[in-house]
Every structure is written in structure tokens, then in C-alpha cells.
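The sequence and structure are shown first.

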Amino acid sequence: MNRRDFIKTLGVAGGVMLVGGAARAPVRDEMEVRQESSADPLLAGVCDIHIHCLPDTRARCIDELTLARQAKVAGYRALMYKSNDWSCHDRAYLIRQALPEFEVFGSLCMNRVHGDKVNVFAAEQAIKTTGSLCRCIWMPTLSAAYQHRCDKLPGPGIPVLDPQGNVLPEVVRVMELCAEADIIFASGHSSPQESLILARKAKEIGVKKFVVTHVNSLIWKLTHDQIRQAVDLGAFVEYCYLPRLWGPGSGNPQFERQSHEEFLTYVRTIPERSFISTDLGQQGNPNPIDGMRQCIRELSGAEIPQRDIDLMVRINPAHLIGLDK
């Protein structure tokens with residue numbers, strides 16, 4: 001081996017380069033330096049735990065791995081993905097192999113792809129999957145009986161209550177599984193009244209992380225009195241930023257955009273038991289990171305206390321996905 005090859009070998013194996021007889025760290029990759037400099041202090045420590053990405057059965061604006069890379073660079077602490085049809089906790093395991101030291105989680109929705117009723121076995125297997133990265137079981141979303149009734153969709157949809165208004169046995173069993181694993185049980189696209197009934201049963205069973213989802217959105221809006229009832233029953237409530245972005249010119253032009261004032265009224269209600277997700281990823285809508293940045297700027301501009309912002313985009317979601325006990 002000649003001197004040049006020997007020095008080259010030392011540089012690769014030892015992680016140093018010899019210059020003028022002195023050892024120093026290798027020149028850092030330009031892309032690595034540029035990415036570190038793009039971290040956004042506004043997004044430091046953010047946990048967004050309701051995002052839709054590719055691969056999916058619906059058009060999305062970005063894939064899970066790419067978004068995770070971008071979120072890590074931006075300074076996020078964690079992401080949790082949601083797919084209305086397929087599992088994403090198993091993909092989270094693979095993403096973590098590509099992005100060590102970044103927290104990525106998945107979840108499972110109890111929709112028709114898993115059968116015509118809430119599927120206990122699917123929930124059991126999701127919780128047992130390698131890595132224990134399924135941190136939320138959502139009740140039916142697009143397949144929910146309530147959404148089928150409201151949107152006049154074919155078929156009855158998947159129920160969470162029996163005709164007498166009692167929580168179905170399979171739903172109770174999934175609650176028990178979530179309580180045992182200490183993960184989120186989420187109301188999905190249940191009606192406001194169904195969500196309160198689920199919250200009461202979850203409290204009875206001992207679910208510590210019951211979440212009423214997108215309580216500021218469309219047919220799932222809770223009144224402020226209902227939010228207080230849910231919180232009194234031990235629930236956390238989720239506000240989504242998506243309604244502030246949809247409307248004409250967006251990926252969801254059919255919906256009326258939520259006003260700045262209405263959104264602020266919601267987030268000011270009970271920040272101690274609330275969190276904000278973007279619910280973004282739809283094709284034609286902003287990148288979820290851009291959406292979260294806009295959300296935080298909007299909250300700050302409205303003089304929402306920094307402590308409340310931290311609770312809703314950092315502290316509470318981190319607790320719910322098991323980062324902070």
C-alpha cells in the first residue's frame with residue numbers, strides 16, 4: 001500500500017484526515033450542515049400526532065419517510081401517523097431504522113378494511129407488533145355509522161353503540177386493551193353524543209388516554225359545555241388545524257374555512273387537557289410542517305400564553321404517545 005492509500009484508509013477508518021501531520025475532524029457534508037441550519041426554533045419539540053401520508057388509498061401530498069426526515073430537521077420531537085385503511089405502526093418501525101434518534105409512531109383505525117364491526121383481534125395484533133409503536137386505536141372514521149348517516153353513505157357503517165345506546169362489547173374490549181397497554185383510545189368519527197358515552201365507559205374501565213378527536217371540525221364539533229363534560233370524564237380533546245386551511249383553493253374546497261375567532265375560542269377552552277394536531281397530508285393542502293408553523297404563529301399572534309401553546313403542541317401530545325409519563 002502506498003502512502004496516499006494508507007492515509008486515505010486512516011481517514012475512512014478513524015474518522016479523521018491527516019493534514020500537515022495533524023489530525024482533525026473530516027469536513028462535514030454540506031447537506032448535513034445546511035439541514036441543521038434549517039431547524040426552526042418555533043417548531044422545536046413539537047409532536048404532531050394526527051397526520052395522513054403516503055402510502056395510502058387516498059391522494060396525499062407527501063410520504064411518511066420524507067415527512068419524518070423533514071420534521072427531524074425542523075426540530076420536531078415526534079410524529080404519529082394515521083391511515084384510515086392500513087396500519088402504519090409497522091412502517092414506523094422501518095422509518096426508525098432510517099432515522100435513528102427520531103420518534104415516529106403509528107396507529108390503527110377500526111374501519112371496514114378490518115371487517116364490518118370493531119375488530120378486537122386487529123387491535124390486539126397492532127399492540128403486539130414489533131417495536132410497540134402503535135400508540136393509538138381509533139374507533140371507525142370514514143366507516144363510522146355516524147358518518148354514514150350524516151353523509152348518506154351506502155350501508156349502515158360500523159357502530160360503537162348498540163340500539164339502546166350502550167357501548168358494544170367489542171368496543172369495551174378494545175378500551176381494555178388500550179388501558180392495559182397505556183395507549184390512546186380515540187373516538188374517531190363518532191358523534192359528539194357517542195363520544196361522551198364512550199368517555200364515560202372509558203373512565204369506568206380505567207383508560208388513562210381517552211381522546212375525543214377533532215372536536216372543532218364539521219359534524220364532530222363539540223359545544224364548549226360538551227368539551228367540559230368530556231374533560232370531567234377524564235378525556236383529552238383534540239383540535240385540528242386543518243379547518244383553518246381548507247375551503248376554496250385548498251385540497252378540501254367543499255368545506256367552509258373555520259374563522260380565526262372560532263378556532264381561538266376552542267383552543268382557549270381547557271388547554272390543560274387539549275392538544276392540537278394538523279390533520280394534514282391531503283393533496284392540495286400545505287405540508288403538515290408548514291401547517292403547524294402557521295398554527296403556532298397564529299396562536300402566538302393572538303397572545304395565547306406560551307405555556308398554553310407548549311401544552312397543546314408539545315407537552316400533552318408527548319404524554320399521550322408515551323414519551324413523557
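## Conventions

Helix axes are lines fitted to C-alpha atoms over the stretch in contact, and angles between N-to-C directions run from 0 to 180 degrees. Helices (H or I, at least four residues) and strands (E, at least two) are DSSP runs numbered from the N terminus.

The model is predicted: local features need pLDDT of at least 70, side-chain atom pairs count only at pLDDT 80 or more, and totals for chains, interfaces and linings use all residues. Residues are numbered from 1 along each chain as its sequence is written, and side-chain values use heavy atoms, with hydrogens and water left out.

## Helix 7 against helix 8

Helix 7 (residues 169-181) and helix 8 cross at roughly 50°, their axes coming within 10 Å. The two are therefore oblique to each other (angles under 35 degrees count as roughly parallel, over 145 as roughly antiparallel, 65 to 115 as roughly perpendicular and the rest as oblique). Their crossing is right-handed (the near helix is turned clockwise from the far one by less than a right angle; anticlockwise is left-handed).

Val171, Val172, Met175 and Glu176 of helix 7 make the contact with Leu198, Lys201, Ala202 and Ile205 of helix 8 (heavy atoms within 4.5 Å). By class, this contact of helix 7 with helix 8 has 6 nonpolar, no polar and 2 charged residues (Ala, Val, Leu, Ile, Met, Phe, Trp, Tyr, Cys and Pro are nonpolar, Asp, Glu, Lys and Arg charged, and the others, Gly among them, polar).

## Helix 8 against helix 9

Helix 8 (residues 192-205) also packs with helix 9 (residues 224-232), at an angle of about 15° and with the axes 9 Å apart. Helix 8 and helix 9 are therefore roughly parallel to each other, and helix 8 passes helix 9 in a left-handed crossing.

From helix 8, Pro192, Gln193, Leu196 and Lys203 meet Gln226, Gln229, Ala230 and Asp232 in helix 9. The residues of this contact divide into 3 nonpolar, 3 polar and 2 charged.

## Cavities

The structure holds 2 cavities of 30 Å³ or more. A cavity is a set of points on a 1 Å grid over the protein atoms alone where a 1.4 Å probe fits but cannot get out, and lining residues have an atom within 4 Å of a point. Grid points are joined across faces, edges and corners, and a volume is the space filled by probe spheres set on the points.

The largest cavity contains about 40 Å³ of space. Its lining includes Ile49, Met80, Trp138, Glu238 and Phe275, and strand 6 (134-138) and strand 7 (184-186) each supply at least two lining residues. The second largest cavity, with a volume of about 30 Å³, has Pro140, Tyr146, His189 and Glu194 among its lining residues; by class, this lining has 7 nonpolar, 2 polar and 1 charged residues.

Terms used
1 Å grid on protein atoms, 1.4 Å probe; cavity = no way out; pocket = protein on both sides within 12 Å on 5 of 7 lines; lining within 4 Å.
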